[in-house]
Amino acid sequence: MSDESRGIGTRIAEVRRLKALSQVQLAEALGISKPGLANYERGVRVPPASLVADLCEKYGVSASWLLLGDGPISTPDLGQIHERALATAWAYLTRGGDEVQQEHLVRLSAALFQYILAHEQFDEGVVDAMGKLVA
(Lines give C-alpha, C1' and ligand atoms only; values in the text may rest on other atoms or scores of the structure.)
Protein backbone atom coordinates (compact mmCIF):
# COMPACT_ATOMS: atom_id res chain seq x y z
CA MET A 1 0.00 0.00 0.00
CA SER A 2 1.56 3.30 -1.08
CA ASP A 3 1.12 6.67 0.60
CA GLU A 4 -0.29 7.94 -2.70
CA SER A 5 -3.04 5.30 -2.89
CA ARG A 6 -3.87 5.71 0.80
CA GLY A 7 -4.29 9.50 0.34
CA ILE A 8 -6.50 9.15 -2.72
CA GLY A 9 -8.47 6.39 -1.03
CA THR A 10 -9.06 8.48 2.07
CA ARG A 11 -10.31 11.34 -0.09
CA ILE A 12 -12.60 9.04 -2.10
CA ALA A 13 -14.11 7.84 1.18
CA GLU A 14 -14.48 11.46 2.31
CA VAL A 15 -16.40 12.34 -0.88
CA ARG A 16 -18.64 9.34 -0.36
CA ARG A 17 -19.41 10.36 3.22
CA LEU A 18 -19.98 14.03 2.28
CA LYS A 19 -22.45 12.95 -0.38
CA ALA A 20 -24.13 10.60 2.12
CA LEU A 21 -23.57 7.55 -0.08
CA SER A 22 -22.92 3.97 0.90
CA GLN A 23 -20.07 2.07 -0.71
CA VAL A 24 -22.63 0.15 -2.74
CA GLN A 25 -24.28 3.35 -4.02
CA LEU A 26 -21.00 5.01 -5.00
CA ALA A 27 -19.66 1.83 -6.58
CA GLU A 28 -22.82 1.49 -8.68
CA ALA A 29 -22.68 5.14 -9.72
CA LEU A 30 -19.07 4.66 -10.85
CA GLY A 31 -19.75 1.32 -12.53
CA ILE A 32 -17.41 -0.69 -10.31
CA SER A 33 -17.86 -3.38 -7.67
CA LYS A 34 -18.20 -2.65 -3.97
CA PRO A 35 -15.03 -4.66 -3.18
CA GLY A 36 -13.20 -2.65 -5.86
CA LEU A 37 -14.29 0.62 -4.26
CA ALA A 38 -13.32 -0.70 -0.83
CA ASN A 39 -9.84 -1.51 -2.17
CA TYR A 40 -9.47 2.05 -3.48
CA GLU A 41 -10.69 3.56 -0.21
CA ARG A 42 -8.30 1.44 1.87
CA GLY A 43 -5.39 2.27 -0.43
CA VAL A 44 -4.89 -1.31 -1.54
CA ARG A 45 -5.17 -0.22 -5.18
CA VAL A 46 -4.81 3.09 -6.99
CA PRO A 47 -7.93 4.01 -9.00
CA PRO A 48 -7.50 4.43 -12.76
CA ALA A 49 -7.60 7.91 -14.28
CA SER A 50 -10.99 7.20 -15.85
CA LEU A 51 -12.53 6.51 -12.43
CA VAL A 52 -10.96 9.64 -10.95
CA ALA A 53 -12.34 11.73 -13.84
CA ASP A 54 -15.78 10.14 -13.48
CA LEU A 55 -15.89 10.76 -9.72
CA CYS A 56 -14.81 14.38 -10.17
CA GLU A 57 -17.40 15.04 -12.88
CA LYS A 58 -20.34 13.31 -11.19
CA TYR A 59 -19.79 14.81 -7.75
CA GLY A 60 -18.19 18.20 -8.53
CA VAL A 61 -14.90 17.28 -6.91
CA SER A 62 -11.64 19.03 -7.76
CA ALA A 63 -9.19 16.62 -9.41
CA SER A 64 -6.31 18.45 -7.74
CA TRP A 65 -7.87 17.88 -4.35
CA LEU A 66 -8.74 14.24 -5.03
CA LEU A 67 -5.32 13.34 -6.42
CA LEU A 68 -3.05 15.52 -4.32
CA GLY A 69 -5.09 16.91 -1.45
CA ASP A 70 -4.46 20.44 -2.78
CA GLY A 71 -7.01 23.24 -2.84
CA PRO A 72 -10.72 23.11 -2.13
CA ILE A 73 -12.65 19.86 -2.38
CA SER A 74 -15.21 21.16 -4.86
CA THR A 75 -14.78 22.63 -8.30
CA PRO A 76 -16.15 26.11 -8.88
CA ASP A 77 -19.45 26.45 -10.72
CA LEU A 78 -18.15 28.28 -13.77
CA GLY A 79 -21.62 29.19 -15.01
CA GLN A 80 -22.44 30.83 -11.70
CA ILE A 81 -19.11 32.69 -11.68
CA HIS A 82 -19.70 33.87 -15.25
CA GLU A 83 -23.18 35.16 -14.39
CA ARG A 84 -21.83 36.97 -11.33
CA ALA A 85 -19.00 38.58 -13.32
CA LEU A 86 -21.33 39.62 -16.14
CA ALA A 87 -23.98 41.06 -13.78
CA THR A 88 -21.34 42.99 -11.84
CA ALA A 89 -19.76 44.34 -15.03
CA TRP A 90 -23.18 45.37 -16.37
CA ALA A 91 -24.10 47.13 -13.13
CA TYR A 92 -20.78 48.97 -13.08
CA LEU A 93 -20.94 50.06 -16.72
CA THR A 94 -24.60 51.19 -16.61
CA ARG A 95 -24.42 53.06 -13.30
CA GLY A 96 -24.05 56.45 -15.01
CA GLY A 97 -26.83 55.88 -17.50
CA ASP A 98 -24.43 55.86 -20.46
CA GLU A 99 -24.75 53.43 -23.33
CA VAL A 100 -22.61 50.35 -22.76
CA GLN A 101 -20.17 49.32 -25.43
CA GLN A 102 -20.15 45.58 -25.95
CA GLU A 103 -16.34 45.47 -26.00
CA HIS A 104 -16.17 47.09 -22.55
CA LEU A 105 -18.75 44.68 -21.13
CA VAL A 106 -16.87 41.69 -22.52
CA ARG A 107 -13.47 42.89 -21.27
CA LEU A 108 -14.66 43.84 -17.79
CA SER A 109 -16.69 40.68 -17.26
CA ALA A 110 -13.74 38.55 -18.46
CA ALA A 111 -11.37 40.33 -16.06
CA LEU A 112 -13.82 39.90 -13.18
CA PHE A 113 -14.31 36.23 -14.08
CA GLN A 114 -10.56 35.60 -13.85
CA TYR A 115 -10.32 37.57 -10.62
CA ILE A 116 -13.17 35.61 -9.01
CA LEU A 117 -11.57 32.30 -10.03
CA ALA A 118 -8.31 33.33 -8.41
CA HIS A 119 -9.62 35.12 -5.31
CA GLU A 120 -13.24 33.96 -4.89
CA GLN A 121 -14.32 37.41 -3.65
CA PHE A 122 -13.99 41.01 -4.76
CA ASP A 123 -15.06 44.41 -3.55
CA GLU A 124 -16.13 47.66 -5.17
CA GLY A 125 -12.52 48.87 -5.27
CA VAL A 126 -11.50 45.95 -7.47
CA VAL A 127 -14.47 46.50 -9.78
CA ASP A 128 -13.73 50.22 -10.00
CA ALA A 129 -10.04 49.67 -10.76
CA MET A 130 -10.80 47.09 -13.45
CA GLY A 131 -13.58 49.25 -14.88
CA LYS A 132 -11.17 52.15 -15.34
CA LEU A 133 -8.74 49.90 -17.19
CA VAL A 134 -11.27 48.66 -19.76
CA ALA A 135 -13.10 51.94 -20.39
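Trainee: Which residues are buried in helix α4?
Mentor: Keep in mind that this is a predicted model. In α4, which covers residues 49-59, the buried ones are L51, V52, L55, C56 and Y59.

Trainee: And where do those buried residues fall when you look down the axis of α4?
Mentor: They fall within an arc of 135 degrees, so they line one face of the helix.

Trainee: Okay, what's exposed on the other side of α4?
Mentor: Over there you'll find A49, S50 and E57 exposed.

Trainee: What follows α4?
Mentor: That's G60, and its phi is positive, near 65 degrees.

Trainee: Switching topics: what volume does the largest pocket have?
Mentor: About 270 Å³.

Trainee: Which residues line that pocket?
Mentor: The lining is made up of P72, S74, T75, P76, D77, Q80, I81, R84, I116, L117 and E120. Two elements, α6 (78-94) and α7 (102-119), each give two or more residues to it.

Trainee: Which element gives the most?
Mentor: α6 does, with 3 residues.

Trainee: How do the lining residues divide into nonpolar, polar and charged?
Mentor: There are 5 nonpolar, 3 polar and 3 charged residues in the lining of this largest pocket.

Trainee: R84 was in your list. Is R84 buried, partly exposed or exposed?
Mentor: R84 sits in helix α6, and its relative accessible area is 32%. Since buried means under 20% and exposed means over 50%, R84 counts as partly exposed.

Trainee: How far apart are R84 and S62?
Mentor: They're 22 residues apart along the chain, and their C-alpha atoms are separated by 21 Å.

Trainee: Let's hop to A118. Where is A118 placed, and is it buried or exposed?
Mentor: A118 belongs to helix α7. Its relative accessibility is 57%, so it counts as exposed.

Trainee: How far is A118 from V44?
Mentor: In sequence they're 74 residues apart, and in space it's 35 Å from C-alpha to C-alpha.

Trainee: Now the rings. How many aromatic pairs are there?
Mentor: The count comes to 0 aromatic pairs.

Trainee: Then what sits over the ring of Y92?
Mentor: The charged end of R95 does, and it lies 3.8 Å from the centre of the Y92 ring.

Methods. Residues numbered from 1 in each chain as written. Predicted model: local features only at pLDDT ≥ 70, side-chain atom pairs only at ≥ 80, totals over all residues. Heavy atoms only, no water. 1 Å grid on protein atoms, 1.4 Å probe; cavity = no way out; pocket = protein on both sides within 12 Å on 5 of 7 lines; lining within 4 Å. Points joined across faces, edges and corners; volume = space filled by probe spheres on them. Helix = DSSP H or I, 4+ residues; strand = E, 2+ residues; numbered from the N terminus. Nonpolar A, V, L, I, M, F, W, Y, C, P; charged D, E, K, R; others polar. Phe/Tyr/Trp six-rings, centres within 6.5 Å; stacked < 30°, edge-to-face > 60°. Lys NZ or Arg CZ within 6 Å of the ring centre and 35° of its normal. Buried < 20%, exposed > 50% of the residue type's maximum accessible area, 1.4 Å probe, protein only. Arc of directions from axis to C-beta.
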